[in-house]
Amino acid sequence: MTSSANTGFSRRTLGLDPAVAIALAAAVIFFLVSGAIAYLNLQALREGNERIVQTHRAIVTLDQMLSIVQDAETGQRGFLLTNDPRYLEPYTAALRSVPLKLAEIGDLSGESSTQRPGLPG
């Protein structure tokens, strides 16, 4: 009678049926696994967002580089047509700016091995 009395006593103190205890344990495990998966997904989203921001910076810098080169070309053409040295100002400014922009583009694409081969330096 003591063994059945002990079992009845332990059930009454805990107030849990074994099936309910297993279901609660499964629910806790489910939420822990779901939390871990959500955390990993959040990390992947952050990394993807960082790559998007870096790519956008590279595109903006490339657009600036194109603008500088076009200004230099326009200034050079104006000088060749008019022989007026004022038209060389954008050209000489571009000569100073192009190496800096190339270095900036190289820094922005430094992590991407597919983009590096086309850049000087």
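Predicted model: local features only at pLDDT ≥ 70, side-chain atom pairs only at ≥ 80, totals over all residues.
## Basis of the model

Local features are given where pLDDT is at least 70, side-chain atom pairs count only at pLDDT 80 or more, and totals for chains, interfaces and linings use all residues. Residues are numbered from 1 along each chain as its sequence is written, and side-chain values use heavy atoms, with hydrogens and water left out.

## Salt bridges

The structure holds 3 salt bridges, each defined as a side-chain nitrogen of Lys or Arg within 4 Å of a carboxyl oxygen of Asp or Glu. In helix α2, E73 and R77 lie 4 residues apart, about one turn of the helix, and their closest N and O atoms are 3.5 Å apart. Helices here are DSSP runs of H or I with at least four residues, numbered from the N terminus.

K101 and E104 lie 3 residues apart in helix α3 and pair at 3.4 Å, N to O; K101 is buried at 15% relative accessible area, where buried means under 20%, exposed over 50% and partly exposed in between, with a 1.4 Å probe and protein chains only. R86 and D84 meet at 2.8 Å, N to O; R86 is exposed at 59%, whereas D84 is buried at 19%.

## The loop residue N83

N83, in the loop between α2 (18-82) and α3 (89-108), has a positive phi of about 60° although it is not a glycine. Most residues other than glycine have a negative phi. N83 is exposed, with a relative accessible area of 58%.

Terms used
Helix = DSSP H or I, 4+ residues; strand = E, 2+ residues; numbered from the N terminus.
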